[in-house]
Amino acid sequence: MTRDPAYYGGKPIRDEVLGYGSQSITELEKEAVLEALEGDYITRGPTVEAFEEQVAEMVGVKHAIATTSGTTALHLAGRAAGFGSGDEVITTPLTFASTAHAATYNDATPVFADIDPHRRTLDPDAVREQVTDDTAGLVPMHYAGHPADIDGLLEVADEYDLTVIWDACHAFGGSWRGEAIGAQRDMAVFSFHPVKNVTTGEGGMVVTDDDELAERCRRLRSFDMEYSPGGHDDEPWYQVAEGVGYNYNITDLQAALGLAQLDRLEDFKQRRDEIIAQYDEALAGIDGIRTPPEPLESDPMCHLYAIEVSEAFGCGRKEFVNAMHAENIGVQVHYVPLHYHPFFQQEFGYKPGQFPETEQVYDGLVSLPLHVEMSDEDVSDVVTAIENLHEHHLE
Ligand SMILES: Cc1ncc(COP(=O)(O)O)c(C=O)c1O
């Protein structure tokens, strides 16, 4: 006989809340940040450059441009790609709003296409149906860290000459066919938010092999300034704006944190993989739970462990989430589809019902806690809470 779920009057399985995601900070990171504080730069300086070089080398691309967030990295990438008024940019509705802002921040129109429900990422056939003469680019997102259909999407991009920006905010540290995620053309974007695979507090990055795109991102990140342009060679103070740039500069303090996290990347991946394997094994036999897809030609470093709960489980997603919260287990849902958001409805006329695969997946989605400081007992609390809830509904 199992205990009553807390949602139905039992005692919560844990006293302390287990978050769905969290950073891991050790003495290594603390020392690195303190050391950076002693340096000459506490804004963007040599440590940012070292961080960029290390990421570029790890991903296997020529350029890495660090920014203040994944969101600002998407903004820069969209602008560097030349997205603008009158352009359409195709992306997935099953993502965070910032993915679409690669278009909207640049006055382009985000055009949603439905997902492949197995991968939960943009379906190349659905993308093809949305292509028009105004389509300028694609922004696929590697949901949870699993790569989108890279081949299929690049084929569409080739056919219609589209610029591709991979939103790889969930996928830092993973690989596809032995090649790092982020190495695929034309640009990819990472986020270093605390719940992501590595963190700089807030932070993001654009990576690319393309010299011109990289140069545009670098310039736009820092005011779009030209320093001592032609005719002013001997006037070092002569800094002039050539366009509307931004201050998306990340600091040496953040980069020091990022570099220390990179030193732990292998351990981070190993621990995430272990937790995922424990969940996979424990949840495989529970009716009404679909575990995440098996990696396809990839070795993903997963930011999320997102299951789908269906009727056979015994209760719907809403009750599942609230029951886990009652147990002090911080599950989350990634994401309310973008065509449900008032902004995208009011600005672009989207409405529920337009993307059936996305909607069906969304209806069951729940992200279970996944972060490297979780103990085996934490994982077991999550699994036991799910088993108890399931059994409660079977009785
Ligand atoms: C898929 C995706 N894209 C973009 C972002 C934006 O990243 P940031 O929070 O660093 O701005 C996030 C962050 O939640 C995300 O999950």
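**Notebook: pockets**

I began with the lining of the largest pocket, where α3 gives the largest share, three residues. A reminder to myself: this is a predicted model.

Next I looked up the volume, and the largest pocket comes out at about 370 Å³. I counted 23 lining residues there, and the closest to the pocket centre are Phe-96, Ser-191, His-193, Lys-196 and Tyr-335. Then I checked which elements give two or more residues to this lining, and I got α3 (70-80) and α4 (97-104).

I also wanted to know which domains supply this lining. Domain 1 (6-23 + 264-394) and domain 2 (27-260) each put at least three residues into the lining of the largest pocket. By class, I noted twelve polar, eight nonpolar and three charged residues in that lining.

On to the second largest pocket. I have 16 residues lining the second largest pocket, and His-146, Ile-276, Asp-280, Pro-293 and Pro-295 are the closest to its centre. Its volume is about 220 Å³.

Which helix gives the largest share of the lining of the second largest pocket? I found that helix α9 (residues 265-283) does, with three residues.

Last, I sorted this second lining by class: ten residues are nonpolar, four are charged and two are polar.

For quick reference, I jotted down both pockets:
- The largest pocket is about 370 Å³, with α3 as the top contributor to its lining.
- The second largest pocket is about 220 Å³, with helix α9 giving the largest share of its lining.

Definitions and conventions. Residues are numbered from 1 along each chain as its sequence is written. This is a predicted model: local features need pLDDT of at least 70, side-chain atom pairs count only at pLDDT 80 or more; totals for chains, interfaces and linings use all residues. Side-chain values use heavy atoms; hydrogens and water are left out. On a 1 Å grid over the protein atoms alone, a cavity is a set of points where a 1.4 Å probe fits but cannot get out, and a pocket is an open set with protein on both sides within 12 Å along at least five of seven lines; lining residues have an atom within 4 Å of a point. Grid points are joined across faces, edges and corners, and a volume is the space filled by probe spheres set on the points. Helices (H or I, at least four residues) and strands (E, at least two) are DSSP runs, numbered from the N terminus. Ala, Val, Leu, Ile, Met, Phe, Trp, Tyr, Cys and Pro count as nonpolar, Asp, Glu, Lys and Arg as charged, and the others, Gly among them, as polar. Domain bounds come from an automatic or database domain assignment.
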